[in-house]
Amino acid sequence: MTNKYTINLRKAKWGTLVMCSLLATAPVWANNSAGSYAAVVQQPVTGTITSKTDGMPLPGANVTVKGTSVSTSTDENGKFTILPTSADAVLVITYMGFKPQEVAVSGQNTINIILEEDQTQLEEVVVVGYGTVKKKDLTGAVGHVNGSDLKQQGVSDVTRTLQGRMAGVTVEASGGNPGAGSRILIRGVSSLNNATPLYIVDGVQVASISNLNSNDIESIDVLKDASAAAIYGSRAANGVVLVTTKSGKAGEPVFSVSSNLGMQRLYKKLNVLTAEQWANVSNAAQDAAGIPRLELAQNPASLGRGTDYQDAIYRDAMIRQYDLSVSGGSDSGKYSVSGGYVTQDGIVQNTDFNRYNVRVKTETKKGIFKFGETVFVSRDKQTQMASGWGGQGGNPVGSAVKMIPIFDIYNPDAVGGYGGAYGPVVNVANPVAQLNLENITSENTNILLNAFAEAAILPELKYKINLGYTNNSTYAKDYYKKYQVGTLFTHPTNDLTEAKSQNVLVLLENTLNYAKDFGKHNIQALAGYTYQKYNYKYTSAAKTDLPDGIEAIDAGAGTANVGGNATESSLVSVLGRVIYSYDSRYLLTASVRRDGSSRFGSANRYGTFPSVAVGWNISNEKFFEKMAAKLQTLKLRVTYGELGNQEIGDYQYAASIASNINYVMGDGQTKWFGATQTAFASPAIKWESTKTINFGLDFGLLNNSLTGNIDYFSKKTTDILLNVPIPGSAGAITNPVVNAGTLLNHGLELGLNYGGNAGKFNYNVYGTFTSIKNKVESLGTGSQQIFGGQPTHHGASTTVTEAGGPVSAFYLIKDIGIFQTQAEVDSYVGPTGQKIQPNAAPGDIKFFDKNNDGIIDNNDRVYSGSPFPKFEYGFGFNASYMNFDANIFFQGTSGNKIYNGLRQDLESTNLAINYSTAVLNAWTPENTNTSVPRAIASDPNLNNRTSSRFLENGSYLRFKTLQIGYTIPSSVNSKIGISSLRIYASADNLVTFTKYGGYNPDLGRTGSIFDRGVDYGHVAYPLARTISGGIQLTF
Amino acid sequence: MKKIYILFGMTLAFASCNTDVLELTNPNGITTDTYWRNENDVNQAMAATYGLFKNVDGGYWGVRGTELTNGRGDDFFIRNDVSYLYQLATYTNTADNGAATSLWNIAYRAIFRANQTIENVPNVPGLSDELKTRYIAEAKFLRAVNYFNLVINFGDAPLILRVPVDKNDYYYPKSPEADVWTQVKQDLTEAAAGLPVEWPSASKGRATKGAAIGYLGKAHLYTGDWASAQATLQQLTTTPFSYSLTANFGDNFSQNTENNSESVFEIQLADVGGTNPWGGENASESLGVTTAQEFAPQEVSGWFEVSFTDKLFNAFQQERTVSGDLDPRMYATMAWNYPGSTFYNKPFSDFTLLFGYSTLIKKYQNYTQTNELVGSSGAVNYTSSNNERAMRYADVLLMLAEAVTQQGNPAQAYTYVNAVRQRANLAVLPAGYTKDQMMAEIRHQRMLEFAREGFRFYDLRRWGLLQSEISNSDKQGRENFNTSQHSYFPTPQSEVDSNPNIN
């Protein structure tokens, strides 16, 4: 009977297992139940032991009957059979790196056990670039996330799931549009130029990791300090994100299938006026200005609610994601193959995204040789909304709130079928028309190939050659139908633009790795040479006047337009690193990389980037033994290093001649081709360099159930590469890249993790805290001020960056209340007694004359706050009870300001657009207790100018994730022949607590650093709340 | 360990022999090192300098430039759509004003390009001295016109006469208004000496000797040097010049009668090149302007951004022609409601007057079409091909009249004023006008003759009449006008922000 059981279970294939359980095991159970239970004391127990993390079987785990010497080990499939000594026997299961578990037999024949990884015990390995290092030997500041932590949250983007997980790593959504990706900032802004970190996937540099499938990810390691990142030299100043995709493990094939189904809904709608309300406000504003009322608004009471353009463009949108993977292998070869598909509708009508991806990763060993490769191919297609049809509305999201609700969505008589604005109102395009009459798609194909061969020349010396290739091709299409939308937007022909671009990176790396222990001395050394070349090509073609329904360039009868360009760059580097540890107590890491880049002129082409780090495992010292009862882990790390940044355009060191700057000449009025120098070159530009010092402390308390780390760092970036604004009088069309100044950053990061259990209730609480301050030490001309963040189509700048201050501080004319009486206006006088605001009347905003010169202008701007939070945090709670698990995550910021650009428009009653409901509370002689100025169409006092009036508190706390899962009991698993089955429900972006009035306080958006904290709501794509459910199956 | 060092050394050696892989050249275009080799390069650079006159953002004769130069006049209204235009038209503009900033920046771009030509032409191989002189003269004309446009709008301005060598040359202080005028006159004098009286027909539209003299005369007039203005402008009334007023006033604003006998300097515009009038400086840019589109009424797909005030409407009706009709210039300048009035081939009654003003703008509009939006490329066409006349002979005549009158010789002004009046079918002036009477007549004629041509505001300033004429107008925002604040634009905020030496 024992044999029968074992054989049945072992050989059973998934497809037949259900059958087996029904047919084969039924008689056995019948026999059992026929006999006396007590009589069969020595009934064997069988089962499978799997890892909780990935559902994989654990071969070689030890199973002992508690209090006896009876024990066995699991086989290669994680299965065991044991004969308990009594009916109330308890089995103790132990496995290295996992938490021990005890299970009462209680008469069961089959006991499947899931072991939970013990993070503190496991000799965790951290990826550090061109190799790995044991966590205990690590000296640098490295953030580490396991793929298993990136559970599906109903979002299709990997980077989003990193938000708040690692101290010092800020993740912001680039927008709510499907496929938008995220922007990652590591340890704040170390450059004013390009703050994007270096992304490396399986050893190959990529532009973005947004196209990866979170199910494919084994781990993400973020190299934060100079010591850890220095091996990437010139590209590492913004930090390095290393993604390792999953590899197979020796053993039976493991299949995983998962699917997720979610629903997204607009998180927040802005409150704007109904048609009747709008007409009343408009009439009041025209009356106040002494100009005739708009004909449109003649009879407010007859207008009713009008059109709700927000309701017209938003929808509940579905997201679905399916993944399948198989992995396995033997001692000589391992494989992991996966495929996935995600399809997502956007919450804005007619926007969507879908992506297919396939990944193959294998590794083969023979003798001293090892070969391996990663092949990753993804293809996605995105349908975007129009970016705006000119005019003043912005994109459809902006137009939806600005469109006067009197106007109808449809007009069957108009070309194209849509209604729109008419009369003397601001040019805002009907957003529904924009979404339906312009079709913008882009298709991206991403190929990543990485192949390596490794030879163990000596047991301790390995040579590795690595070839990498990435190809990212994009095909973009913009089809623009003919239309007449209201009287302001006319487009008489169908037009088509198609564009193709290709980015190719070729990488060649030769490395030698040496690792050997000499007694208590452990040495790991690396030397390498790398070469990479990057090519970019772009072509576009456009034609006008296509027949209805035809979307091919050749069919166009109108004018053709073509374009194209190309760039290339290359980087040649040598690198070396030594990691030395003595007795796991004293640790030293030293590395150097020398890079040569084509982006600089020959005089400044090479840069050398050294780093050194020391670590001390205090808890491994003898003298520490006395303390060990209280404090189990204590490690001190000190690192220093220099990193570079070369993220500027190509060929900046040479002044080029721009062509096609044309004019007309002659009786025939024909094109006169023009070309000249239009911008300045920077022949002397050199590397931007960042020096970082880092102090870190790792600790573990309460038997390492409470672990944490604290890091303090100080960074100094010199020779910042920046397009420094030069005066318009210099005559250039763009600002030249120069080595512009020095920037300081220092910060504190804290990570804590506490795991515990109460009976069957296991839980884990974790949190991160980051506080970073930046300061500009010097900039450009010395007195250089760089202004940025123009919040609306017509607003002045909102931020200033200058020596002595933080990057991109808000710098605004200050709103100091409302004039209640004419006497107040008249008595607000400057030094010579003249009225400071001569055009003001009661109900207008009083502005602060900071320089006391009797006029309000840009010289009265004052520091008004920072777009950077005083601190950011994230905290989460994972728990499991019986077969249930729950996962909660919060994240937030504190102390940052946001300039609400869209509110500036929506409260500007001088613009004939729809307004925010805030204007219903405008000042009137009867309504004086308000901060909203009087409604006036001409705005002679410039109430709506860019000022502190529209600056808001940007702090928020977001309940980002709530997930509840249920795993089918292992006793059921065996009957249906699977390893694990989990179902879950999840909510993403559940609720955000904030005083901020715009769509969402984490603005994201990939703009200039000088625009940070400015909410461009008129061209945004708001974030959605997502509720989803899914199944994860492993067999 | 020794092995490691050896291998590391080998790698380094391998690396060092590959440094040439870092020498990459820009595949998109040549660099300044290899430019200026021949006459073709010079001509290309010249086109790139002229091209800025029509630039959509801030070219002086592009749409924003036309809105800016007219918008502050007592005869012009800009509606509240594009905020910065509305603000400058209602005198609530600040130093951030987008239109004024662009005007400044684009003028300086042209100056930078002209300076390149002036500096590089002497070294172009194979170019005759005669041609070098001519090209330098042409570049100096372009530089002078841009400085002229800057100085009348901003007053003091940086005077930059050479190409920056390094980054220290980017930060010029402002020069006093008088110094800018001196430079304008010097450049125009040199330009007049080196430019041809006429270009071959294939090159028509480029700056001529007459254009340089015309601008020089204007510069003298603007600076109150009446005698020099008279002496300069009089040259244009005799050989080798053959300027004359067109018989039909409207020919000066029609696409079919461009570069005519009255044209002293004309901005060349055509719907050729690409199709996108907002495309910026590249192959897709359409080489016309969108002004007509922005000024047209909504019934013909226009954006009705601007209107004439009724002050102008009334001014036109002050005097009838010798045949008792209204001034023919009125019919060419505006559309209004009179029996049989049509516009864009539609009865005038089909149009709605939106702002309480009585007229619609007709000058430079493509009103012979049925819709402003139908253009020559047959596709989306926001582009007007109608050349903007920067200086007409009528302007020369009225400037001459002013120059002589201001010198106390109103009698000498009669020929010039009467020429303009007679073309408009008005009676010749009665004899015996005093200086004040003649100036009043010149002011009146300039208002009618050049409506929408961008001179009114600057004329009023020269005459010291900004405050009074704006105040007595029916222009929206007139109450905000303040001579000390609004006679010139403040130096653009972006210039102040980025230029520590701007003072």
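Which residues in H13(B) meet which residues in H14(B)? In this predicted model, the H13(B) side of the contact is made up of Ala394(B), Leu397(B), Leu398(B), Leu400(B), Ala401(B), Val404(B) and Thr405(B). Facing them from H14(B) are Pro410(B), Gln412(B), Ala413(B), Tyr416(B), Val417(B), Ala419(B), Val420(B) and Arg423(B). Sorted by class, the contact has 12 nonpolar, 2 polar and 1 charged residues.

As for the geometry, a helix pair is described by the angle and the distance between the two axes. Here H13 covers residues 393-406 of chain B and H14 covers residues 410-423 of chain B; they pack at about 155°, with axes 8 Å apart. Angles over 145 degrees count as roughly antiparallel, so that is the label for H13(B) and H14(B). Their crossing is left-handed.

Most peptide bonds are trans, and most residues other than glycine have a negative phi. Thr239(B) and Pro240(B), however, are joined by a cis peptide bond, with omega at about 5°. Pro240(B) sits in the loop that runs between helix H9 (226-234) and strand E4 (263-267) of chain B.

Two non-glycine residues turn up with positive phi. In chain A, Asp583(A) has a phi near 60° and belongs to the loop between strands E28 (560-582) and E29 (586-597). With 28% relative accessibility, Asp583(A) counts as partly exposed. In chain B, Asn345(B) has a phi of about 60°, and its place is the loop between strands E7 (342-343) and E8 (346-347). Asn345(B) counts as exposed because its relative accessibility is 52%, and the cut-off for exposed is over 50%.

Note on methods. Residues are numbered from 1 along each chain as its sequence is written. Chains are lettered from A and ligands numbered from 1 in the order in which they are written. This is a predicted model: local features need pLDDT of at least 70, side-chain atom pairs count only at pLDDT 80 or more; totals for chains, interfaces and linings use all residues. Side-chain values use heavy atoms; hydrogens and water are left out. Axes are lines fitted to C-alpha atoms, for helices over the stretch in contact, and angles run from 0 to 180 degrees between N-to-C directions. Helices (H or I, at least four residues) and strands (E, at least two) are DSSP runs, numbered from the N terminus. Angles under 35 degrees count as roughly parallel, over 145 as roughly antiparallel, 65 to 115 as roughly perpendicular and the rest as oblique. A crossing is left-handed if the near helix is turned anticlockwise from the far one by less than a right angle, and right-handed if clockwise. Contact means heavy atoms within 4.5 Å. Ala, Val, Leu, Ile, Met, Phe, Trp, Tyr, Cys and Pro count as nonpolar, Asp, Glu, Lys and Arg as charged, and the others, Gly among them, as polar. Buried means under 20% relative accessible area, exposed over 50%, partly exposed in between (1.4 Å probe, protein chains only).
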